[in-house]
Amino acid sequence: MALTLYVDTARWRAHQQSVLQQFPGLVPVCKGNGYGFGHERLADEATRLGADILAVGTTYEAARIKDFFSGDLLVLTPFRHGEEPVPLPDRAIRSVSSVEGVGGLVGARVVIEVMSSMKRHGVKPEDLAKLAAAIEDVRLEGFAIHLPLDRADGSDAVDEVIGWMDRLRAARLPLHTMFVSHLKADELARLQQQFPQTRFRARIGTRLWLGDHEATEYRGSVLDVTRVSKGERFGYRQQKAASDGYLVVVAGGTSHGVGLESPKALHGVMPRAKGVARAGLATVNRNLAPYVWAGKQRWFAEPPHMQVSILFVPGDAPQPQVGEELVAHLRHTTTQFDRLVDR
């Protein structure tokens with residue numbers, strides 16, 4: 001009995017191919033929990049795509065993935081002086097976001113990140129003069145720019161990249177390769193047309209692995225079903241059942257990521273109103289579970305346990321049976337499955 005990730009493999013791979021066609025030369029990204037699929041699986045998929053380079057989040061991830069992927073490994077987290085040294089092969093490429101960082105990687109292969117409107121990290125325009133001298137001591141693989149997802153000010157992503165291309169060119173820095181993130185296919189094509197001597201390579205993770213929502217599905221096995229009457233006590237905290245119904249024990253708990261949720265950016269009146277409503281229900285221990293039964297998303301009977309969750313299904317709904325599976329709407333990047341099944 002398990003929390004299972006089912007993958008429609010043919011459909012999933014067809015989507016990957018469609019993304020590859022839109023973004024020729026793309027760099028697949030495999031970081032965190034491997035977008036819910038795991039590092040080994042995504043390394044294998046990147047090899048199937050013919051990728052010559054795979055982007056990972058940290059040096060620790062690179063050390064794990066190096067045995068599963070034979071191409072270059074681009075570490076996205078910038079190098080910092082004093083970081084713990086992690087043994088990596090020469091095919092590892094380090095990201096750098098400062099002139100000082102470049103100076104700490106003499107002889108290494110590096111990609112230099114420039115500061116975008118994200119304002120997360122990157123070399124600033126005023127540092128370009130110093131950078132020109134510093135790159136003599138490294139093997140420069142290219143520059144990179146990480147762009148925001150939304151542009152509330154109406155600015156243009158292509159214009160931002162062009163601005164940086166002009167600055168780098170004015171500083172007489174080599175522009176053979178520019179790694180970009182969060183550009184649309186037509187935007188990438190515009191840049192490639194305007195700068196034919198530069199190879200633009202899109203680093204893509206979410207769109208590549210999770211862009212077709214119908215290709216994957218989580219399901220949790222029903223482990224136990226117990227009938228309860230209104231007022232009957234149950235669970236760790238011995239709460240009272242609000243009505244007659246069933247306590248349904250289903251595979252998937254906090255160790256799987258069930259019940260975990262990252263903060264959301266809410267836009268508009270309706271999403272904010274729903275957020276307020278959910279918060280209000282939570283104060284009276286009413287929390288919606290990700291599991292679906294009989295066409296409805298059900299409520300947690302109490303907070304999820306480590307490896308299972310207990311749901312409350314009202315008595316007027318069909319009784320779940322042990323061994324059945326409930327669809328679970330889970331966030332891939334925070335979920336750890338028990339098993340993955342290709343179908």
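**Notebook: helices, sheet and loops of a predicted model**

I began with helix α1, residues 9-22. The helix has 14 residues and reaches 20 Å from its first C-alpha to its last. That is close to the 20 Å expected at 1.5 Å a residue. The expected span is 1.5 Å times one less than the number of residues. Helices (H or I, at least four residues) and strands (E, at least two) are DSSP runs, numbered from the N terminus.

Residues are numbered from 1 along each chain as its sequence is written, and side-chain values use heavy atoms, with hydrogens and water left out.

**Entry 1**

I looked up burial next. Buried means under 20% relative accessible area, exposed over 50%, and partly exposed in between (1.4 Å probe, protein chains only). In α1, the buried residues are T9, W12, H15, Q16 and V19. They sit on the same side of α1 because they cover an arc of only 130° around the axis. The arc is that of the directions from the helix axis to the C-beta atoms. Residues three or four places apart point the same way, because an α-helix has 3.6 residues a turn. A10 and Q21 are exposed on the other side of α1.

What do the buried residues of α1 pack against? I found β1 (3-7), α2 (39-48), β9 (199-204), α8 (206-210) and β18 (339-342). Contact means heavy atoms within 4.5 Å.

**Entry 2: the parallel sheet**

I traced an open sheet of eight strands, in the order β2-β9-β8-β7-β6-β5-β4-β3. The pairing is parallel. Two strands pair if DSSP finds at least two bridges between them. At the edges are β2 (27-28) and β3 (53-56), each pairing on one side only.

I then checked β8 (residues 177-181) against β9. They pair in the parallel sense over four bridges. M178 has F200 of β9 as its bridge partner. Helix α7 (residues 185-194) lies across β8 and β9 and runs at about 160° to β9. Axes here are lines fitted to C-alpha atoms, for helices over the stretch in contact, and angles run from 0 to 180 degrees between N-to-C directions.

**Entry 3: helix α6**

I listed its buried residues as A157, V158, E160, V161, I162, W164, M165 and L168. Their cover includes β6, α5, β7 (139-146), β8, α7 and β9.

**Entry 4: β16 and A301**

I moved to β16 (308-314). This strand is largely enclosed by the rest of the structure, because six of its seven residues are buried. Strand β13 (residues 245-251) pairs with β16 in the antiparallel sense over seven bridges. F312 of β16 is the bridge partner of W299.

Where is A301? It is in the loop between β15 (296-300) and β16. A301 is buried, at 10% relative accessible area. Leaving aside neighbours within four places in sequence, I found A301 in contact with F234, Q239, L247, I310, L311 and F312. F234 is 67 residues from A301 in sequence, yet the two are 8.9 Å apart, C-alpha to C-alpha.

**Entry 5: positive phi**

Most residues other than glycine have a negative phi. I noted two residues with a positive value. K119 has a phi of about 55° and is not a glycine. It lies in the loop between β6 (109-114) and α5 (128-134). K119 is exposed, at 66% relative accessible area. A294 has a phi near 55°. It lies in the loop between β14 (288-293) and β15. A294 counts as partly exposed, at 44% relative accessibility.

**Entry 6: whole chain**

I closed with totals. The protein has nine helices and 18 strands. Its C-alpha atoms fill a box of roughly 75 × 45 × 40 Å, taken along the principal axes. Buried residues make up 47% of the 343 residues. Of the contacts with a separation of 6 or more, 66% are between residues 24 or more positions apart.

Note on methods: Predicted model: local features only at pLDDT ≥ 70, side-chain atom pairs only at ≥ 80, totals over all residues.
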